[in-house]
Each structure stands twice: as C-alpha cells, then as structure tokens.
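Q: I have a structure to read and I am new to this. Can you take me through it, one feature at a time?
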Amino acid sequence: MDLRLRARKQFGAFALDVDLSIQGDECGIFGPSGSGKSTLVSLLSGLLTPDQGHISLDGEPLFDGARGTDVLPDRRRIGIVFQRPNLFPHLSVRGNLLYGLKRCAPEHRRIELDSLVRVLQLEPLLDRGVDNLSGGEKQRVAIGRAVLSNPRLLLLDEPLSALDDHLRFQIIGHLKAVCREFRIPFLFISHSMLEMRLMTEQVIALAAGRVAAQTSTENLARERMGLSPVGYINLLRLTDMRHEGGASVYCWEGGELVLPRGEQEASGGLFELSSKDIILFKRHPEAISARNLLKCTVVSLFESGSRTGVELAMGQGRLIAEIVPAAARDLEIVPGGTLFAAIKASAFRRLAVPEPGQAQPDTGATS
Amino acid sequence: MPVFASAETSAILLSLKVSAAATLLSLPFGFLAAYLLSFGRFRGRLALDVLVNLPLTLPPVVIGYLLLILLGRHGWLGRALESVGFPLIFTWRAAVIATSVVGFPLLVRAIRVAMEGIDPHLIQASRSLGAGRIDSLLTVVLPLSVRGLLAGSVLMFARGLGEFGATIIVAGNIPGVTQTIPLAIYDYASSPGGDRMALGLCAVSVVLSVGVLLAHEHLSRCMAKWG
C-alpha cells in the first residue's frame with residue numbers, strides 16, 4: 001500500500017487535521033478515544049468527506065478537494081471490519097460472506113469463498129442465520145465478509161474492543177492468518193497498545209486530531225511506559241513446560257522461567273509480564289522469595305515520563321524493566337553492565353493467543 | 001343479516017378494490033418518503049415531513065376540495081389527464097387518489113418506525129462492500145423494513161375502507177361507480193326506510209375492520225417470531 005492522506009475535518013470544537021504517508025503492508029493507528037481514529041477511518045473509506053485535503057491510495061486519487069474528486073465509498077475498494085460485526089440480519093452467513101464478493105468486478109477477484117472459509121474455519125457456520133452465532137463467530141464472519149470483497153486495503157476499526165479477552169486473542173489469530181494468507185494490506189486501528197504490538201510493527205499515534213508520532217510499535221510502547229498505569233508489557237513466548245516441585249517450568253530463549261502451576265496448561269504459549277513486576281539487583285541477592293532470578297546484561301537505558309526503562313538481555317531474550325531515575329543512578333546502571341532481575345512466579349499472565357497456524361475453536365457463548 | 005342487492009354488493013367490492021389499489025399505489029412512494037425522512041440529510045426535509053403528515057390533521061373534506069381543484073376539469077393536472085383520455089374526477093380512480101392521500105401518513109409512519117430501527121452501520125457496511133446507494137437501499141434497507149411495510153399497508157388498507165370526506169368530493173357518490181361502503185351508509189341513513197340496509201353495511205364494516213385488525217395482529221406475531 002502507498003497511502004497518502006492530507007485532510008482536515010471539523011466537527012464543532014473538534015478538528016482532525018492530519019498529514020501522513022504510509023508505505024508497507026501493515027500499519028497501526030493508535031490513539032485514545034476522541035483522538036480522531038474513527039474520523040480517519042470514515043475519511044479513508046469515503047463515509048465522510050474531508051473539508052479540504054487530498055487522499056490517494058496506490059497513486060489513485062480518492063479525494064481531492066481542489067479538483068472536486070470524491071470517489072464514492074462503494075468504488076474505493078476499501079474494506080472495513082467494524083467494532084461490532086454489523087452482519088446483515090436478513091442474510092445467512094453465506095449470504096453475508098458473498099455480499100461483497102458478488103459486487104466485486106471479476107478482474108479484481110483474487111480471494112474466493114472456498115479458500116476464505118478454510119482459513120477462517122467457517123465451514124460449519126455457512127448455512128446458519130447470523131442471530132445464532134456467538135460473539136467471536138460473528139466477528140469472524142464480519143472479517144470474512146470484508147476480505148471476500150477483495151479490497152485493496154482493509155481498515156480494521158477497533159475490531160476487538162467489543163470482545164472479551166479470551167475472544168480478543170482468538171480473533172487476533174484469525175486476523176493475522178487471513179491477512180498473511182491473502183496478503184491484504186491493512187490499517188489496524190486501536191486504543192490498546194497490547195493489540196497494536198500483536199498486530200503490527202509500524203504505527204501512527206494520533207492525539208487530539210493530530211499525528212503525534214509515526215514510529216515503530218516497539219518505540220511507541222517504550223515511550224508510553226512511564227505514562228501507562230500498567231507500564232511496558234513484555235511479551236514472552238514460553239515453551240516446553242514441565243512440572244517441578246508444584247510449579248511449572250518453561251523454557252524461554254535459552255533460559256528457564258518458573259510460573260505457578262495452573263489448572264489448564266498448554267506446553268507453551270504467549271505470556272505478558274509488566275515492566276513494573278521486575279526488580280533489579282546490582283549483586284546476587286542471597287535469599288529471595290521470587291522464584292525467578294535472572295542474570296542479565298544491560299543493553300540500553302531510556303527515559304519515559306518520570307521513569308527510566310532498562311532494556312535487559314538474557315541469552316536471546318530481551319526484557320524491559322522500569323525503575324525511577326534515582327534508582328538508576330544509585331545502582332550505577334550503564335549499558336554493558338550486569339544486573340540480576342527478580343520476577344515473582346505469579347507476575348506472568350497467559351495470553352490466549354493461538355500459536356501460528358493453529359487457531360483455537362471458538363468456545364464463546366452465544367450472545 | 002339482510003341479503004344485499006347488487007348496489008350494496010358492488011359498494012362492498014368497490015371499497016375493497018379502492019382501498020387495495022390505494023395501498024399498492026402508495027407503497028413505493030411511502031417507502032421512498034420514509035427513506036428520505038429516516039436517512040436523508042437535505043434541505044427541505046422538515047417541509048417534506050410536514051407535507052407527508054398534513055393529511056393526518058387536515059379535515060378530509062379539505063383534502064378532497066384541494067384535490068378537486070388540482071384534478072378537476074379546471075385544474076391543470078385534471079385537464080392534462082383528460083386530454084390524454086384518462087379522466088379522473090368522479091371515477092373510482094379519483095376515490096383511489098383521495099384514499100391514497102388520506103392514508104399516506106399512516107403508511108409512512110409505520111415504515112419509518114421500521115427504518116429508524118435499522119443500524120446505520122449496516123448501510124455503511126454495505127457501501128464499503130461495494131453496494132451503491134440504490135443497491136444498498138434495495139438489498140439492506142428494503143428487506144429490513146418489510147415489517148413496517150406490511151404493518152403500514154394493513155393500517156392504510158383499514159383506513160381506506162372508512163374513507164369518506166375526501167372521496168365524496170372528488171369521486172362523488174354514484175351507486176355502482178364510486179359509491180363505497182361509507183358513502184352507501186350515508187345514502188341509506190339519510191333516506192326513509194334505509195335503516196336496515198345502513199345497519200347491514202355497518203355490520204359488514206365491523207366484520208372487515210375486525211378481520212383486518214386480526215390479520216395485523218397475526219402478522220406482527222409472525223414477524224416477532226421471525227425477527
């Protein structure tokens with residue numbers, strides 16, 4: 001995708017005024033509610049008209065205030081997955097899926113029903129009415145419907161925010177699978193840093209209707225560490241679990257981590273760990289209750305709000321810990337130095353993100 | 001129950017015919033008006049709203065008189081239609097027009113209630129999936145307004161059966177030609193010895209109205225089951 005957008009839209013006291021250019025096949029739009037994300041989606045899809053500006057996609061102008069160009073929403077070939085599924089209640093799942101495909105010109109048809117149904121595992125749902133689907137199933141059908149319209153750009157407008165945590169991570173698995181399989185460029189719009197990091201590597205941050213930053217998702221997450229009540233979320237892929245003395249021991253990047261023994265455990269998975277839950281020691285503490293004590297090398301230090309972030313390396317693994325600047329001075333932390341990081345076993349939280357290539361069955365209750 | 005003579009039978013049949021024709025004729029216009037009022041953002045929307053609802057509060061006789069001015073031999077529309085061999089005034093077609101105008105607000109209101117219950121996101125979704133305005137209207141808005149279209153049609157049909165004031169002015173009260181049930185009752189009630197006939201037609205009116213209301217109730221219940 002080569003998206004260029006320079007647009008202004010005024011709503012009473014709020015004004016969206018953005019100038020951005022996006023290359024590459026995926027990008028996030030991050031911002032709190034009220035920052036203009038949804039307005040941006042509407043301007044791109046043609047559901048709203050900018051007061052002035054210019055929008056072009058892959059060299060084709062979609063809107064040009066000066067020349068009076070304004071391509072209708074149905075001619076833009078930009079698909080949307082909304083926050084809520086918005087399925088047509090009078091059509092079956094199949095009818096919903098085919099709605100966009102039927103209206104797609106033959107020369108643009110690349111994705112057909114069969115292959116989509118396979119990737120999103122929709123086969124058992126095809127002949128059902130949309131009222132008999134669970135929340136997660138509905139959103140899967142909505143994704144399929146947008147993808148089958150064979151868009152040249154997919155706008156994912158907070159597609160996960162109406163779902164509970166369990167379904168949220170399942171749907172992320174489906175979204176990634178479908179976008180990767182069919183190579184559809186997408187913009188992922190969200191106010192959740194965690195979702196953003198799971199979906200894309202580059203991101204545009206909006207604040208009060210302006211572009212605040214265009215950067216990597218990782219950088220944005222680090223910048224926001226000091227502002228966020230949950231700190232920076234480390235994402236760790238743990239594998240090869242074994243039980244040992246009433247705890248679960250997982251392998252992580254050449255080392256081992258101890259977690260409390262859970263009720264339903266898989267042999268591995270994606271876990272989150274807040275930067276606030278890591279305590280740093282200059283020297284080896286002889287006796288400590290925390291089950292994980294890792295010897296790490298300091299890679300870098302960065303400032304974020306009133307906090308200092310410390311990037312640590314342990315084997316191939318990277319962790320971000322946060323401390324107050326005074327602690328960084330007292331411990332004389334410098335890149336290249338050695339530190340001990342203590343992490344309580346209970347600080348890890350499993351994210352229900354399916355492993356690549358194995359989407360989990362949808363177990364959500366009918367809503 | 002008196003056995004009706006041919007004039008009365010034709011009044012009953014004519015009432016049903018006029019009411020059904022008026023309802024069918026109004027459906028496309030009612031759908032369009034309801035769509036414009038529910039989803040349209042244009043100048044003059046308020047004026048359209050008032051115009052559509054005016055017959056609800058205006059005395060039917062006033063509507064009849066205004067139609068007479070427009071459609072009569074001296075009205076521009078009446079003259080134009082007559083010159084192409086399609087006279088309206090004092091024919092059953094005039095009764096259809098009068099009934100349509102009087103019942104129109106009821107039809108539009110019922111369709112509007114259904115349309116306003118449609119989530120605008122569904123229309124946006126259809127547009128983003130490649131449906132043009134008309135396509136979206138026919139494939140999303142129309143099927144989701146069916147409930148309103150049916151309810152409105154039944155209501156309008158029932159209202160049409162009782163139409164009197166506007167009809168008597170534009171269509172007259174010609175037995176066998178434009179005399180509907182209410183007009184026949186009016187005739188019998190004002191002529192000596194017509195009481196029995198008037199009462200008989202009243203009974204027919206009651207039976208028809210109750211039938212229509214029951215049909216309406218049944219339809220609503222079926223709809224609730226489907227929806």
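Q: How many of the residues of chain B count as buried, as a percentage?
A: Start with the term. Buried means under 20% relative accessible area, exposed means over 50%, and partly exposed lies in between (1.4 Å probe, protein chains only). Of the 227 residues of chain B, 43% count as buried. Some ground rules come next. This is a predicted model, in which local features need pLDDT of at least 70, side-chain atom pairs count only at pLDDT 80 or more, and totals for chains, interfaces and linings use all residues. Residues are numbered from 1 along each chain as its sequence is written, chains are lettered from A and ligands numbered from 1 in the order in which they are written, and side-chain values use heavy atoms, with hydrogens and water left out.

Q: Which helices and strands does chain B have, and how many?
A: Helices (H or I, at least four residues) and strands (E, at least two) are DSSP runs, numbered from the N terminus. Chain B has 11 helices and zero strands. Its pattern along the sequence is α-α-α-α-α-α-α-α-α-α-α. The C-alpha atoms of chain B fill a box of roughly 70 × 45 × 30 Å along the principal axes.

Q: What share of the contacts in chain B joins residues 24 or more positions apart?
A: Contact means heavy atoms within 4.5 Å. Take the contacts in chain B with a separation of 6 or more: residues 24 or more positions apart account for 72% of them.

Q: How many residues of chain B are in contact with chain A?
A: 19 residues of chain B are in contact with 21 residues of chain A.

Q: What area do chain B and chain A bury between them?
A: The size of an interface is often given as the accessible area lost when the parts come together. Buried area is that loss (1.4 Å probe), summed over both parts. Here chain B and chain A bury about 1,700 Å², 61% of it on carbon and sulfur atoms. Arg127(B), Ser128(B) and Leu129(B) supply 37% of the area that chain B buries against chain A, more than any other three residues.

Q: How many salt bridges cross the interface of chain B and chain A?
A: A salt bridge is a side-chain nitrogen of Lys or Arg within 4 Å of a carboxyl oxygen of Asp or Glu. The rule finds three across this interface. One of them joins Arg103(A) and Asp135(B), at 2.7 Å from N to O.

Q: Which helices of chain B each supply at least two residues to the side that touches chain A?
A: They are α6 (120–128) and α7 (133–144) of chain B. The most comes from α6(B), with seven residues. For residue types, Ala, Val, Leu, Ile, Met, Phe, Trp, Tyr, Cys and Pro count as nonpolar, Asp, Glu, Lys and Arg as charged, and the others, Gly among them, as polar. The side of chain B that touches chain A has seven nonpolar, nine polar and three charged residues.

Q: Why is strand β20 of chain A called largely enclosed?
A: Look at burial along the strand. Five of the six residues of β20(A) (residues 338–343) are buried, so the rest of the structure largely encloses this strand.

Q: Which strands pair with β20(A)?
A: Two strands pair if DSSP finds at least two bridges between them. Strand β16 (residues 278–281) of chain A runs antiparallel to β20(A), joined by four bridges. There, Ile279(A) has Ala342(A) as its bridge partner. Strand β17 (residues 292–304) of chain A also pairs with β20(A) in the antiparallel sense, over six bridges. In that pairing, Leu294(A) stands opposite Ala341(A).

Q: How many salt bridges are there over all chains?
A: The count comes to 28. One of them joins Arg67(A) and Asp64(A), with the closest N and O atoms 3.9 Å apart. Arg67(A) is exposed at 72% relative accessible area, whereas Asp64(A) is buried at 10%.

Q: Where in the chain do Glu311(A) and Arg222(A) lie?
A: Glu311(A) is in strand β18 (residues 307–314) of chain A, and Arg222(A) is in helix α7 (residues 217–223) of chain A, 89 residues apart. Their salt bridge has its closest N and O atoms 3.2 Å apart. Both Glu311(A) and Arg222(A) are buried.

Methods. Buried area = accessible area lost by both parts, 1.4 Å probe.
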